[in-house]
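Let's take a walk through this fold together, one piece at a time. Have the sequence and the model open side by side as you read.

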Amino acid sequence: HRRTPEILAHLYSGVRMFARYCVHIGALDQGEAKALLGRCLDALRAAGEEQADHQETEEPTTRLINLLVGALRTGRAHISDTHGREPKIDADPVAWGYLAGAITPRGKQMYIERGQRIGWLDGPDDVYLDSTVAWAVALQMGRELNQPLLLNKTTMWRRLHQMGLLQSVEEGRGRPTVRRRIDGTERTVLHLPASAFTAAIE
């Protein structure tokens, strides 16, 4: 199932919150909470392994996107606008890794970023992924959920290009990444359509 990474990540996130609460109220000590988390993680990994046959044939780029969406939905990562703030234009900040916070006296909804920034949303159509941070987050999600990425980073980026998922590349230099000035800094990024993420979220 394409949402398996997100579902397992949500479950593990819930267990972690429950374990912290149990320690807070004195129902468990730190050692018992750690043991509980270990047992739950083993169970979630076993559940992920039940989909092994499907995973082996799953398109690698699909798994990559699903792992990143899982990170966005569970507080492990966020995608900001190109000024480092929550996306606003035709976008739901919560879907891009933000938590709805307080409402100001003037009625403005505030948002809190969660996890590492893996990229930037430029208008309604374009996402620029930080090629280093996004890869690290996807690898970590894959390890935790026993859904590893079976390609190395260089091959995965080329695969994104082959699958038509990159909006632009540095053709002259033979690289799938592009250089963009974002939030005042020149960055090496992957240029993907926002629809690649919104389709996975839906």
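Does T82 count as buried or exposed? With a relative accessibility of 17%, T82 counts as buried, where buried means under 20% relative accessible area, exposed means over 50% and partly exposed is in between (1.4 Å probe, protein chains only). You'll find T82 in the loop between β1 (77-81) and β2 (98-103). Setting aside neighbours within four places in sequence, T82 is in contact with W120, L121, D122, I182 and D183; contact means heavy atoms within 4.5 Å.

A word on ground rules. This is a predicted model, in which local features need pLDDT of at least 70 and side-chain atom pairs count only at pLDDT 80 or more, while totals for chains, interfaces and linings use all residues. Residues are numbered from 1 along each chain as its sequence is written, and side-chain values use heavy atoms, with hydrogens and water left out.

Now the overall layout. The chain has seven helices and seven strands, taken as DSSP runs (helices H or I, at least four residues; strands E, at least two) and numbered from the N terminus. Reading from the N terminus, the order is α-α-α-α-β-β-β-β-β-α-α-β-β-α. Of the 202 residues, 43% count as buried. Take the contacts between residues at least 6 apart in sequence, and 60% of them join residues at least 24 apart.

After α4 comes G75, whose phi is positive, near 80°.

What does α4 do for the inside of the protein? The largest nonpolar core has 37 residues, and L64, L68, I79, W96, I118, L129 and F197 touch the most other members. To this core α4 gives the most, with seven residues. A nonpolar core here is a set of buried Ala, Val, Leu, Ile, Met, Phe, Trp, Tyr and Cys residues joined through side-chain atoms within 4.5 Å. There is also a second, separate core of five residues, which includes W120, Y128, I182 and V189.

Next, look at how α4 meets α6. The two pack at an angle of about 105°, with axes 9 Å apart, the axes being lines fitted to C-alpha atoms over the stretch in contact and the angles running from 0 to 180 degrees between N-to-C directions. They are therefore roughly perpendicular to each other, a label for angles of 65 to 115 degrees. P60, T61 and L64 of α4 make the contact with M156, W157, R159 and L160 of α6.

Helix α6 (153-162) has another partner in α5 (131-144): their axes come within 12 Å and cross at roughly 105°. That makes α5 roughly perpendicular to α6 as well. Here S131, T132 and W135 of α5 meet K153, M156 and W157 of α6.

Finally, follow the chain past α6 to G174, in the loop between α6 and β6 (178-182). G174 is exposed, with a relative accessible area of 64%. G174 and R158 sit 16 residues apart in sequence and 9.9 Å apart in space, C-alpha to C-alpha.

Note on methods
Parallel < 35°, antiparallel > 145°, perpendicular 65-115°, else oblique.
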